[in-house]
Amino acid sequence: MSDILSEKIASLLKQAKYTPEAKKLEQLDACEHLLRIISPGKKYPFEFIRATITGYHPEGTSRGLEETEVEPLSYETLLNDLVCYAEQISKLVNTPAEKLAISFETVESLSEKYNVSTKTVRRWRSKGLSGRYLRFEDGKQKLVFTSKMVDHFVKENAEQVKRGTQFTRSSEQVKALITARLEKWADRYPDYRQEAIRRTAKKYGRSAEMVRSLLVTSENSGLITGFKKRSAKISGELAESIIAEHKKGVSAAQLSEKYGKPQNLIKQVVNRHIVRELQNTPFNFMDSPDFQNSDSTNNILKQVAELKLATASNGDNSISNGEKRRAEADMPRAAIGMLEMYHKDLSIHETLSAEEEKNLFRIFNFLKFQAEQMRLELDDEFPDSQLIQNIADNMKLARKLKNKLVRHNLRLVVSTARKHAADDIEMSEYISEGNMVLMRAVEKFDYYKGNKFSTYATWAIIKRFATLRATMARRAEQVVFVADEILDIAHNLRTQPDQISAVEQANKDIVKVMNETLDTRERQIICGHYGVSISSKPENQRPQSLRQIAELLNLSKERVRQIEMQALKKLRGVMSPEQFDFLLKM
């Protein structure tokens, strides 16, 4: 059976995997009901299909079935997708055969009843014969068809069923004739394998699938060896090129057309690459007894399904328009500093309650736990596309929950930074480091121990701030040392009149660097404190104390010192070693 064609129905199936078992059974019956009422040549709105399958009606809409948001689904698409949907759901439910209250036919019994091959029965599924998987006594799942579904299919496809019953099983003599003819084709026309199958099937009145199966058997046993077959694998440089282009957003269909390879092989190459990347990606999560308890797991799965449905409906917006308007109303109309804007932005995200926080952490870790379990099921050589997509969906939702947990705890970082920072410059650096610690803390927090996340995160942030403070102290000592060097150099330049031309050039270099690097206030403080003259006569500029400069600029002495340290940091970063060597030799 092929994959689901409609992206909308495929999305419904993803959400259905997390619904309770009773809901899955209702959706299974709804799929079979839809297959019995849809008609060839007609199109059906997705809203109608969704409402019939899930019973979900979006709130606040009064539009009829004719007014749809997406393109209506054709009869052919629904014929394929509803059968796929029903079979996938039945696999998840895993109902024991003895508990099915209605009568059913197996593939074998249906084959015998209508005198057709089991392959023919399985091909009928693409024509709308919907089946469901049941668990039998041996523990294995087998495909069956309810009597109501079989009767409907036979009624709607009477001609096709009659034609299928006219085919008889091939005798050994007929098989020998077919094999001989295929052998001649292989010797004479090794490049025309598909044409040989088609013409041989027509000559002997057999299905192409039967002839192909016989050919494959003969090739495996070595009776026929002449046909050239397409490579079943793509490897080497070609595989690397396909992977590189797929990462750039080129679709499998486009790659298939470009390289002349079937889409299924292109997808296999891409999927194998994704699996290799997944194997090297750690899914770090905090394990919990909740993940082993069936009742807790069902509750979490229900919440995950609701989150995915909400995400699909509302996109990535985590802040309501009302919250945005309230935050914007609080903003001052005049220009404000970046730090103040950051503080204002925090008001959008309210602090989570203890129960909300615990629940988010439970779901966050469960999503990664579930992704890890699914990764263990992946086949390295033939990975399941749906399984890969489920892993990606889980990790995408986990990232969104992590971002939400971080956003709602940003105030914690600011309040902790405010207690440790001496000024706005330090405050910005503390907040930046604190946010990084907060993101790591979300990954490492074990909600099941019963502690509050704020307590855990605060200690982690304080520990990082202690290390940061020591680093900043060492950096400040280096800046003071550089400032003393510049002061000594400036003094020497003023007390050596025999080197006045070199002094003037050095002064010009310093002024040029300051003009390009510092703002007006920083330049005033450096020039005033270290006696650097903006004019061409450095002897006219006398050093001033910080108190004198503070009175001149109407600032406190401590604020002047802070601005001076900030300006010296900038100069240290932009002055070349050659400039410093030149000044030291003056």
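The structure is a predicted model, in which local features need pLDDT of at least 70 and side-chain atom pairs count only at pLDDT 80 or more, while totals for chains, interfaces and linings use all residues. Residues are numbered from 1 along each chain as its sequence is written, and side-chain values use heavy atoms, with hydrogens and water left out.

The chain holds 27 helices and six strands; these are DSSP runs numbered from the N terminus, with at least four residues of H or I for a helix and at least two of E for a strand. Of its 586 residues, 40% count as buried, where buried means under 20% relative accessible area, exposed means over 50%, and partly exposed is in between (1.4 Å probe, protein chains only). The accessible surface comes to about 34,400 Å², and 49% of it belongs to carbon and sulfur atoms; the areas come from the Shrake-Rupley method with a 1.4 Å probe, and for residues only the protein chains shown count as cover. A contact means heavy atoms within 4.5 Å. Among contacts with a separation of 6 or more, 70% are between residues 24 or more positions apart.

Four of the strands form an open sheet with mixed pairing, in the order E3-E5-E6-E4. Two strands pair if DSSP finds at least two bridges between them. The edges are E3 (95-96) and E4, each of which pairs on one side only. Strand E4 (residues 104-106) runs antiparallel to E6 (residues 141-146) and is joined to it by three bridges. Phe 104 has Thr 146 as its bridge partner in E6, and Thr 106 stands opposite Val 144. E5 (residues 132-135) also pairs with E6 in the antiparallel sense, over four bridges; here Arg 135 is partnered by Gln 141. E5 and E6 form a hairpin with five residues between them, and Gly 139 in the turn has a positive phi of about 90 degrees. Helix H4 (residues 75-93) lies across E3, E5 and E6 and runs at about 15 degrees to E5, with axes fitted to C-alpha atoms (for helices over the stretch in contact) and angles from 0 to 180 degrees between N-to-C directions.

The whole structure contains 16 aromatic pairs. Rings of Phe, Tyr and Trp (its six-membered ring) pair if their centres lie within 6.5 Å; planes under 30 degrees apart count as stacked, over 60 as edge-to-face and the rest as tilted. Phe 285 and Phe 369 are edge-to-face because their ring centres are 5.7 Å apart and their planes stand at 75 degrees. This pair links distant parts of the chain, 84 residues apart: Phe 285 is in the loop between helix H14 (263-279) and helix H15 (294-314), and Phe 369 is in helix H18 (residues 354-377). Phe 285 is partly exposed at 24% relative accessibility, whereas Phe 369 is buried at 11%.

Beyond neighbours within four places in sequence, Arg 375 is in contact with Leu 278, Gln 279, Thr 281, Phe 283 and Ile 391. Lys 91 likewise has its charged end over a ring, that of Tyr 133, 4.9 Å from the centre.

Methods
Lys NZ or Arg CZ within 6 Å of the ring centre and 35° of its normal.
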